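Me: I have a model open and want to talk it through. Can we start with the terms and then go over the fold?

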Amino acid sequence: MSNNGHESAPMRPLDFEYRSVEELQERAQSFKQLMQQRRTVRDFAPTPVPASVIEDAIATAASAPSGANMQPWHFAAVQSADVKRKIRIAAEQEENEFYSHRASDDWLEALKPFATDAQKPFLETAPWLIAVFARKFTINEAGEKLKHYYTPESVGIATGLLIASLHNAGLATLTHTPSPMGFLKDLLGRPAQDRAFLLLVTGYPSEDAVVPDIEKMPLHEVMSRW
Ligand SMILES: Cc1cc2nc3c(=O)[nH]c(=O)nc-3n(C[C@H](O)[C@H](O)[C@H](O)COP(=O)(O)O)c2cc1C
């Protein structure tokens, strides 16, 4: 479908705020400063976070663009201590395997700066875990398989918005990918067509939280202009 093929599809006026160049510059800079403060946190405080904050962040994620607007995602928000404990037990089982057998030497070497290991206490300490699922297809009411397009790209973009939204609200996040993470689908009762994409741990950081002393590449290395 071309973007000009307006004739048959219903359209509505765009809700858009036109801003001056000065405003663009000011807003781009202040959002950059906000986002450059984001760090992956691995030590969380048990302080509760209201469900409404998590719901707003997930609604923000679900506003993301997606291939043919298929919205091929599901976000399972876990607050239950019982379910968090089950997730921790299953994740630590997989991670034990990962660190002792599955990971290549190169992979373990790449993980060294982060001082991670198979113990995942944050899966119980943090007030919320958000399991993100990606969906390759849906079954419509007629029982037909409806294929989704660009599922990983779409879910990755939605997850980026989720992380940005939680950070903007004032929470820390950990992007966690226990490998493999098929157990999430079983524990959280997702249908066959869903695949666990990642587990986002969120809450306040613990007061003594530290983060790896690492840097981002300078702009000139990650950007080219033509
Ligand atoms: C797809 C993805 C998977 C990740 N998986 C893990 C993980 O399983 N455990 C972990 O401690 N950190 C994980 N991270 C966090 C990265 O290590 C972290 O983003 C990176 O070191 C940069 O640090 P920063 O997020 O503080 O900028 C993951 C990040 C991404 C994007």
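Reply: Helices (H or I, at least four residues) and strands (E, at least two) are DSSP runs, numbered from the N terminus. With that naming, P180 is found in the loop between β5 and α7 (182–187).

Me: What joins S179 and P180 there?
Reply: A cis peptide bond, with omega about -5°. Most peptide bonds are trans.

Me: Before going on, what sort of model is this, and which cut-offs apply?
Reply: It is a predicted model: local features need pLDDT of at least 70 and side-chain atom pairs count only at pLDDT 80 or more, while totals for chains, interfaces and linings use all residues. Residues are numbered from 1 along each chain as its sequence is written.

Me: What is the mean pLDDT of the protein?
Reply: The mean is 94, and 97% of the residues reach 70 or more. pLDDT is the predictor's confidence in each residue, from 0 to 100.

Me: Which elements have the lowest and highest mean pLDDT?
Reply: Strand β3 (residues 137–139) has the lowest, at 88, and helix α2 (residues 51–61) the highest, at 99. Where pLDDT is low, the predicted coordinates should not be read in detail.

Me: OK, the fold. How many helices and strands?
Reply: Eight helices and six strands. Along the sequence the pattern reads α-α-β-α-α-α-β-β-β-α-β-α-β-α. The C-alpha trace spans about 60 × 50 × 40 Å along its principal axes.

Me: Which strands pair with β2?
Reply: β1 pairs with β2 in the antiparallel sense over six bridges, and eight bridges join β2 to β6, also antiparallel. Two strands count as paired if DSSP finds at least two bridges between them.

Me: Which β2 residues point which way?
Reply: W128, I130, V132 and A134 point one way, and L129, A131, F133 and R135 the other. In a regular strand the side chains alternate between the two faces of the sheet.

Me: Why is W128 called buried?
Reply: Because W128 has 23 other C-beta atoms within 10 Å. Leaving out residues up to four places away in sequence, W128 touches V49, I54, A77, V78, Q79, T202 and G203. Touching, or contact, here means C-beta atoms, placed from the backbone, within 7 Å. The C-alpha atoms of W128 and P46 are separated by 9.5 Å, with the two residues 82 apart along the chain.

Me: Which elements supply at least two residues of the largest nonpolar core, and which residues touch the most other members?
Reply: The core has 36 residues, and L129, I130, A131, V132, F133, L162 and V201 touch the most other members. At least two residues each come from α2, β1 (73–78), α3 (81–102), α5 (122–125), β2 (128–135), α6 (151–169), β5 (172–176) and β6 (194–203). The largest share, seven residues, is from β2. A nonpolar core is a set of buried Ala, Val, Leu, Ile, Met, Phe, Trp, Tyr and Cys residues joined through C-beta atoms within 7 Å.

Me: What does L162 touch?
Reply: A57, I58, T60, A61, I130 and L200, not counting residues up to four places away in sequence.

Me: New topic: where are A115 and Y150, the residues with positive phi?
Reply: A115, with phi near 50°, lies in the loop between α4 (105–111) and α5. Y150, with phi near 55°, is in the loop between β4 (145–147) and α6. Most residues other than glycine have a negative phi.

Me: Is A115 buried or exposed?
Reply: A115 counts as exposed, because it has 9 C-beta neighbours inside 10 Å. Y150 has 15 other C-beta atoms within 10 Å, so Y150 is partly exposed.

Technical notes
Buried ≥ 20, exposed ≤ 12 C-beta atoms within 10 Å, placed from the backbone. Contact = placed C-beta atoms within 7 Å.
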